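Biologist: I have a structure to read and would like to learn how its features are described. Please take me through a few of them, one at a time.

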Amino acid sequence: MAAETRVFLEVRRRLQSALLIVGEPSRGSMSVDVSVMPTLLRVENPAGCVEIQLPAEMRLVPSSCGGLCHVAGDGLHLRLRAHTESQVSPKLISMFNQSSKAQECCTFYCQSCGEVIIRDRKLLRVLPLPGENWGALVEEWCCHLDPFANKPLHPLENDCFIGDSFFLVNLRSDLKQEPKANTKVICKRCKVMLGETMSSETTKFYMTEIIIQASDRSFPFIPRSQFVQSVTAQCLVELSSTRSTFRFTIQGQDGKVYILLWLLNSDSLVIESLRSSECIRKFPLLEDTLKVDSSSALNAVKVLYQPCIKSRNEKLVSSWESDLSVHSLTLPSATCLELLLILSRSNAALPLSLRQMNSFQL
C-alpha cells in the first residue's frame, strides 16, 4: 500500500449502526473511491486499494449510507446501518465462573509469571459479597438491633467471596506461620503485589493479579495488557449492569486516585485497516497488541477518562469522591499505572476527531 489510507469502522451492536472513517492518504492524490458492500469495504485511490472483509456475524446496509462529511485532519466520515447476529457483547476473559468452579479443586496462579499461590483448593462455596454500603442498609431492613453489627464477612477454608475487584479467601491452612493483618501479599517469583491480608485468616487477592484455574488444567498464558484491560472492562460492565453505576474512580491500595472513568457503552465492535505502532514502541508493556491482525475485529468498551497522577484534576477528583453515584475500584498502584498506559495507547490509536469529548479523553 503505497499511500497509507486508514479505514476505521465502529459498529454498535445494540443500536445496529456503524460509523465509517476513511482517513486522508499520508501522501499523494486526495482522490478516493469508497465501496460499501454487505460483507466488504473497499477503499481505492491512485496509489492502491484497501479491502476489509467483515466478520461473518456482521452485515452492513449499503443503501443506508448518509451523513457524509469531511473532517479536517481526519478524513471522510460516513454513517450507516449495520446488522449483527447478537446485540449483546461476547463475554470477556472469565476471571471466575461461580457455577462451574464451585465444588472443583482449583489452583490460584500469579497472572504475571504463573507462580502457584494456592494449590488444589476445593471450593465448596463461591459467593458474591454484598455492596460496600450493605451495613448501613441493614438498619432499614431490621425492626430491631442490627444482628450483623461488628461482624465482618470472613471466608472459611473452602470459601471464596467475590468483591467488585477482588477475591477473599482463607489462607491459614496454606501458610506455615500466621500472617499479620494489613500486610502486602507479594509473589515469591516476580515480586508483584497480588493482594493484602485483611486479618490473620482472610486474604484479599486483586482480580487483575490472579488467575483461578481448575487444577486439572494448565496455566493459561494471557498477555498482561490484554488481561488487565479485559478484567477491568468486565468489572465496569458488571457494576453498570447490577448497580446502574457508570462513573468510577480507579484508586491504588494506598487510597490515591489514579484515573476517573466514565463508561459510555460496552457493545462496540471496532475494525481498523491500519494501526500505527509508534505509540506501542514507546510502551513495551503493550507490545503484545502488535500480534493482533491489523484488520481484525475487536470488541471494545468505550470509556471517557481523566488521568489524576501528579495532582492533576484535583477539583474534579474531589467532586467525584463526594458523589454517591460514583463507584470506587481499588487495584494495586502499579496496575493503576498499567491501566493508564493502556488507555493512553488506545486513545492514541483512535482517529483524531474521536480522541476527546469535552475535557475527557476517550
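Modeller: Let us begin with a loop: Lys310 lies between β19 (297-307) and α5 (314-321). Such names are DSSP runs numbered from the N terminus, with helices being H or I of at least four residues and strands E of at least two. This is a predicted model, so local features need pLDDT of at least 70 and side-chain atom pairs count only at pLDDT 80 or more, while totals for chains, interfaces and linings use all residues. Residues are numbered from 1 along each chain as its sequence is written, and side-chain values use heavy atoms, leaving out hydrogens and water.

Biologist: Is Lys310 buried or exposed?

Modeller: We read that from relative accessible area: buried is under 20%, exposed is over 50%, and partly exposed is in between, using a 1.4 Å probe and protein chains only. Lys310 has 75% relative accessibility, so it counts as exposed.

Biologist: Where does Asp120 lie, and what is its phi?

Modeller: Asp120 sits in strand β9 (residues 116-122). Its phi is positive, about 50°, although Asp120 is not a glycine. With a relative accessible area of 45%, Asp120 is partly exposed.

Biologist: Now for sheets. How do strands of a sheet pair?

Modeller: Strands pair through backbone hydrogen bonds, and they can do so in a parallel or an antiparallel way. Here, two strands pair if DSSP finds at least two bridges between them. One case is an open sheet of three strands in the order β3-β4-β5, paired antiparallel. The edges are held by β3 (33-37) and β5 (48-53); each has a single partner strand, so one side of each has no neighbour in the sheet. On average, neighbouring strands of this sheet are turned by 10° against each other, direction ignored; the axes are lines fitted to C-alpha atoms, and angles in general run from 0 to 180 degrees between N-to-C directions.

Biologist: How many bridges join β3 to β4, and how many pair β4 with β5?

Modeller: Five bridges join β3 to β4, and Ser35 has Arg42 as its bridge partner in β4. Strand β4 (residues 40-45) pairs with β5 over six bridges; there, Leu40 has Gln53 as its bridge partner.

Biologist: Which residues does Val36 touch?

Modeller: Contact means heavy atoms within 4.5 Å. Val36, which lies in strand β3, touches Leu20, Leu41, Leu60, Pro62, Cys65, Leu78 and Leu80, leaving aside residues up to four places away in sequence. Val36 is buried, with a relative accessible area of 17%.

Biologist: And with which side chain does Glu10 make a polar contact?

Modeller: A polar contact is a pair of N or O atoms within 3.5 Å; within protein, one must be able to donate a hydrogen and the other to accept it, and residues adjacent in sequence count only if both atoms are side-chain atoms. The side chain of Glu10 makes one with the side chain of Ser268, at 2.7 Å. Glu10 is found in strand β1 (residues 7-12) and counts as buried, at 8% relative accessibility. Beyond four places away in sequence, the residues that Glu10 touches include Leu19, Val270 and Lys302.

Biologist: Last topic: what volume does the largest cavity have?

Modeller: A cavity is a set of points on a 1 Å grid over the protein atoms alone where a 1.4 Å probe fits but cannot get out, and lining residues have an atom within 4 Å of a point. The largest cavity has a volume of about 40 Å³. Its lining includes Ser165, Met207, Val231 and Leu331. Helix α3 (residues 224-243) gives the largest share of that lining, three residues.

How values were computed: 1 Å grid on protein atoms, 1.4 Å probe; cavity = no way out; pocket = protein on both sides within 12 Å on 5 of 7 lines; lining within 4 Å. Points joined across faces, edges and corners; volume = space filled by probe spheres on them.
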